[in-house]
Amino acid sequence: MRVGVRTLSIAALLSIGACSEPAGYPNKDITIVIPFNSGGGFDTYVRALAPGLERHLPNAINVLPKNLPGAGGRRGASEIFRSKPDGYTIGIFNMPGVLIPQLQNIPTSYELSQVTWLGTLGYDPYIYAVRGDSPLKSIEDVSELQRSVTYGATGPGSTSYVATNIVNERLGIPYEIITGYTGSSGYLLGLVRGDFDAALLSQSVARSYLESGDIRALAIFGSESSDPDVADADDLGAPELGQLRVVRMMGAPPDLPEDIRIMLEEALLASMQDQEFRVWLETTGNDVHPAGAAETEAAVSEMTQFYDQFKQLLD
Amino acid sequence: MPELLLQAAAGLLSPETLIFLVGGVIIGLVFGVIPGLGGTTALALLLPLTFGMEVMHAFAMAGGIMGAVAMGGSISAILLNAPGTAPSAATCLDGHPMAKQGHAAEAIGAVATASPLGGLFGVLTLLLVLPLARDIVLLFGPPEFFLVAVFGIVTVAMSASSNTLRGLVAGGIGLMLSFVGYDTVHGGVRYAFGSDYLWDGIPLIPALVGLFGMAEMIRLSIEGGTVAADASAVRLQGVASGLRATFRHWKVVIRGSITGTLIGAIPGVGGTVATFIAYSTTRNADRDPDSFGSGRIEGVIAPESANNAKDSGALLPTLAFGIPGSAEMAVFLGILVLHGMQPGPAIFADHEQDIYGLILALTFSAILASIIGLSFVRWLAAITLVKGEILAPIVIAVSLVGVFAMQLRPGDIVLAATLGVLGYLMLRFDYPRLPLVIALILGETAERGFQQSMMISRGEWGIFVHSPTSVVLVVLIVLSFGWSFVPMLRKRLAAGIAGAAS
Amino acid sequence: MSGQANEKREISYLPSVVILLFIVGYLVTGYLTLDETTRLVPLMAAGVTLVLALLDGFTTVRRGQISDEGKTSAVDRSAATATRRRAVLAVSTVAGGVAAIYLVGFLVAMPLYLFASITYLGKQSAKLAVIAALLTMLSIYLVFEVALSYKLFPGVLFS
């Protein structure tokens with residue numbers, strides 16, 4: 001047993017020490033800042049992607065995820081923004097999570113319009129869900145209710161809270177939000193338990209509960225519907241609600257040199273095509289919608305405009 | 001189910017898997033011993049490594065860590081009064097006085113049996129209720145969370161040993177501190193003074209490291225001397241009597257294990273509360289509660305049996321809903337997802353064998369940790385003979401490094417040191433720290449549970465007695481109030497009669 | 001004589017005074033800076049604590065008066081003063097150490113803190129202090145930077 005442990009620790013030491021000094025970018029390890037705790041959705045996504053990124057970048061360097069949780073993702077975003085633009089610190093952005101505080105005029109030490117965008121990994125559409133045994137069968141049923149509909153969400157200013165506000169205001173449904181749930185799995189549990197009527201859940205969280213019949217989808221925002229029973233933004237006559245989704249974007253500090261940006265963008269797009277990563281996405285029900293830097297930049301400004309018109313609903 | 005369980009056992013007992021299990025146990029012990037580090041940090045560091053491993057290997061290692069940190073954490077709690085991990089803080093209360101009286105070996109012996117026994121109890125319970133996991137998790141909604149939090153605060157505040165009034169003051173201050181940061185119900189930011197650090201509230205682990213470990217080290221560096229009164233005190237005899245004591249107090253073990261499993265299963269309440277409640281209920285149920293805190297072995301056995309049982313409980317919401325029952329479980333959740341397992345309704349059906357493997361790893365690791373821990377304890381106990389003048393600054397330095405390693409926030413260092421000074425002052429001026437800690441952990445849960453219940457019921461107070469679970473909780477709260485008032489009243493009455501007679 | 005008695009009394013009342021000031025500060029800040037909905041529960045908790053703390057302060061004063069009647073010996077008093085001085089010293093050493101770590105990071109500040117604490121506060125020989133400081137730093141460095149590839153905090157000035 002003792003021998004086994006020793007081999008293990010030697011192996012661990014070797015894996016860290018093995019790196020030479022090649023010329024040109026990248027010649028040292030790259031850090032990916034994750035603004036959430038280890039174990040969360042953004043964290044596992046980046047960690048599953050990192051090995052591919054190492055393969056698709058020249059030179060034998062490591063891509064090291066670094067968790068900087070805190071202040072609802074703002075701490076991580078600030079850290080990326082303030083780093084040296086040398087391509088050795090990049091990070092993942094939770095959109096619109098870090099955009100909303102900026103529109104609320106909360107002092108932030110980052111400015112999303114100046115970030116050097118590298119690409120988009122994927123997005124999570126919002127599912128309008130009710131309990132499996134709910135009498136509500138469609139959004140029309142919901143709007144015909146003679147009372148205000150109750151929803152669950154995390155705190156005011158969070159993406160789920162803002163999305164719930166926007167959907168109901170736009171569709172003219174009277175509503176109340178029960179706030180304070182911890183995370184999307186928190187109010188998912190509340191929905192299954194029957195604390196409230198409905199909730200806007202991200203698809204990756206909702207998927208296995210939709211399959212088990214614990215909850216039922218009435219509508220989907222941020223993606224087209226493939227199910228005739230589930231309405232999408234277009235069906236509801238509110239196509240702009242297609243903007244409602246959580247997007248995982250990769251970015252680097254402002255003024256990143258163009259050649260490094262291109263190198264990172266290409267490695268990112270290539271690693272998202274890797275078989276291994278695809279299999280992981282498939283088994284965990286995670287999404288991938290690769291997009292390049294230009295598309296990502298356009299999406300950021302479109303998203304900013306969209307949320308800006310609902311400014312009064314943000315908090 | 002039995003054949004899958006056997007298959008899982010066979011998988012776990014293969015030589016390769018055993019290496020990972022033992023590796024996990026050793027990492028767990030080391031991370032457990034160092035204040036500030038703990039299971040969460042160990043798992044977070046392990047997380048990237050597990051990506052390339054086989055599922056069973058990753059689970060063996062994670063299980064090894066989770067089963068072993070408790071033992072490590074309690075060793076430093078007993079020897080130094082500086083809990084290595086948050087849930088071991090309760091073990092300080094009677095474990096350290098035992099060490100001062102030269103009974104460190106006995107206390108550690110009790111840990112070595114109580115903690116795997118608790119673990120075993122938790123695992124058996126988990127195996128029994130696994131098919132019901134979903135329903136159990138659904139029993140707890142906002143009103144129940146509120147009541148559990150109140151129960152925790154009441155139980156612990158009422159058992160503050162020397163001075164109930166000061167216990168309540170400390171609890172009140174803990175509550176006030178727990179409201180710092182973002183208000184998830186109303187959206188305001190309270191008492192953060194514009195700082196992003198305080199936006200997240202006062203973090204538990206740095207706070208505990210400060211209030212217990214650093215406070216004790218500041219005291220030691222002021223008073224000088226060694227932890228144990230003299231060299232003869234650490235002659236390690238009595239391990240066996242400690243081992244036996246656990247079996248003699250089997251009722252305490254069972255109460256502690258039940259408390260651990262139950263409280264562990266409630267997300268957001270977690271392990272530290274479980275061990276504190278196990279300690280407090282054992283103290284309150286004892287015929288001589290005032291003797292607790294001066295080295296009663298039951299005061300070690302109770303929190304220790306809860307300390308390992310809680311992991312099994314915490315697995316329930318983690319697996320069934322992807323809601324981590326504790327901070328460690330949050331990281332473990334990531335290991336699950338990295339291996340392609342999505343927690344949720346289907347996980348028990350899809351990955352039954354892997355889950356059995358994990359459960360078995362948890363059990364074996366607790367036993368292994370005890371054996372390894374006991375064989376090293378002789379050397380570790382020598383720490384209590386090091387001069388405080390040297391030991392204290394070193395422990396302070398190492399805990400500060402550990403605290404920073406958690407989340408890489410410089411603010412954590414400052415917070416731990418500030419609360420270290422506060423903890424020392426509380427020690428010196430005789431204000432109990434326990435109620436402060438419990439209120440700090442549970443204050444926000446209580447407030448949120450209350451506000452959400454009121455929103456759900458639209459202001460109807462009936463919601464707090466609406467479900468059988470909440471009725472049980474209300475009864476428990478009333479009982480734990482009564483339990484501490486009855487002896488007090490009886491004493492008053494007796495004194496009154498005596499006064500009248502004289 | 002009366003001066004010393006006063007000083008003794010000050011010490012035992014000090015915690016109550018600090019607690020009361022803290023609670024009042026909390027109440028005032030909360031009232032001035034927070035919305036009505038979000039301040040409700042914290043201010044309620046603070047209010048109840050204020051009452052409890054006042055009761056506690058009152059009991060302390062009474063106990064203080066009782067113990068003042070029995071005269072404490074001069075030896076006791078000078079011992080108390082010595083402990084108090086050491087306490088102030090110990091707390092400021094920790095504070096200084098943490099401030100240094102915050103500014104210049106673990107690798108620079110930690111050995112200095114250990115050395116200062118062991119020699120100045122602990123009154124041990126400089127040789128012992130150097131050995132302890134270097135050994136501790138070496139093991140921390142090996143465990144964190146080398147084995148775990150965890151970057152020790154470099155301090156706000158160097159990060």
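The questions below concern chains A, B and C in turn and together.

Q: How do you know which kind of model this is and how its parts are labelled?
A: This is a predicted model, in which local features need pLDDT of at least 70, side-chain atom pairs count only at pLDDT 80 or more, and totals for chains, interfaces and linings use all residues. Residues are numbered from 1 along each chain as its sequence is written, while chains are lettered from A and ligands numbered from 1 in the order in which they are written.

Q: What makes chain B as compact as a globular protein of that length?
A: The globule rule is 2.2 Å times the number of residues to the power 0.38, and the radius of gyration is taken over C-alpha atoms. For 502 residues the rule gives 23 Å, and chain B has 22 Å, which is close, so the description holds. The C-alpha trace of chain B spans about 75 × 65 × 50 Å along its principal axes.

Q: Why does the radius of gyration of chain A agree with that of a compact globule?
A: A compact globule of 315 residues would have a value near 20 Å, and chain A has 21 Å; therefore the two agree.

Q: What are the helices and strands of chains A and B, and how many are there?
A: Helices (H or I, at least four residues) and strands (E, at least two) are DSSP runs, numbered from the N terminus. By this rule chain A has eleven helices and ten strands, and chain B has 22 helices and two strands.

Q: Why is C:Ala90 called buried?
A: A residue is buried if 20 or more other C-beta atoms, placed from the backbone, lie within 10 Å of its own, exposed if 12 or fewer, and partly exposed in between. C:Ala90 has 24 such atoms within 10 Å, and therefore it is buried. This residue is found in helix α3 (residues 74–104) of chain C.

Q: Which residues is C:Ala90 in contact with, leaving aside its neighbours within four places in sequence?
A: Two residues are in contact if their C-beta atoms, placed from the backbone, lie within 7 Å. On that basis C:Ala90 touches B:Ile218, B:Ser221, B:Ile222 and C:Leu121.

Q: How many residues of chains B and C are in contact with each other?
A: 39 residues of chain B meet 47 residues of chain C. On the chain B side, α19(B) gives the most, with eleven residues.

Q: How are the residues of the side of chain B that touches chain C divided by class?
A: Ala, Val, Leu, Ile, Met, Phe, Trp, Tyr, Cys and Pro count as nonpolar, Asp, Glu, Lys and Arg as charged, and the others, Gly among them, as polar. The side of chain B in question has 29 nonpolar, five polar and five charged residues.

Q: Why is α16(B) described as mostly covered?
A: Twelve of its twelve residues are buried. They pack against elements of two chains, including α2 (41–56) of chain A and α4 (55–80) of chain B.

Q: Where do the domain bounds of chain A come from, and what are the domains?
A: The bounds come from an automatic or database domain assignment. Domain 1 covers 25–123 + 246–313, and domain 2 covers 125–243. Their centres, taken over C-alpha atoms, are 27 Å apart.
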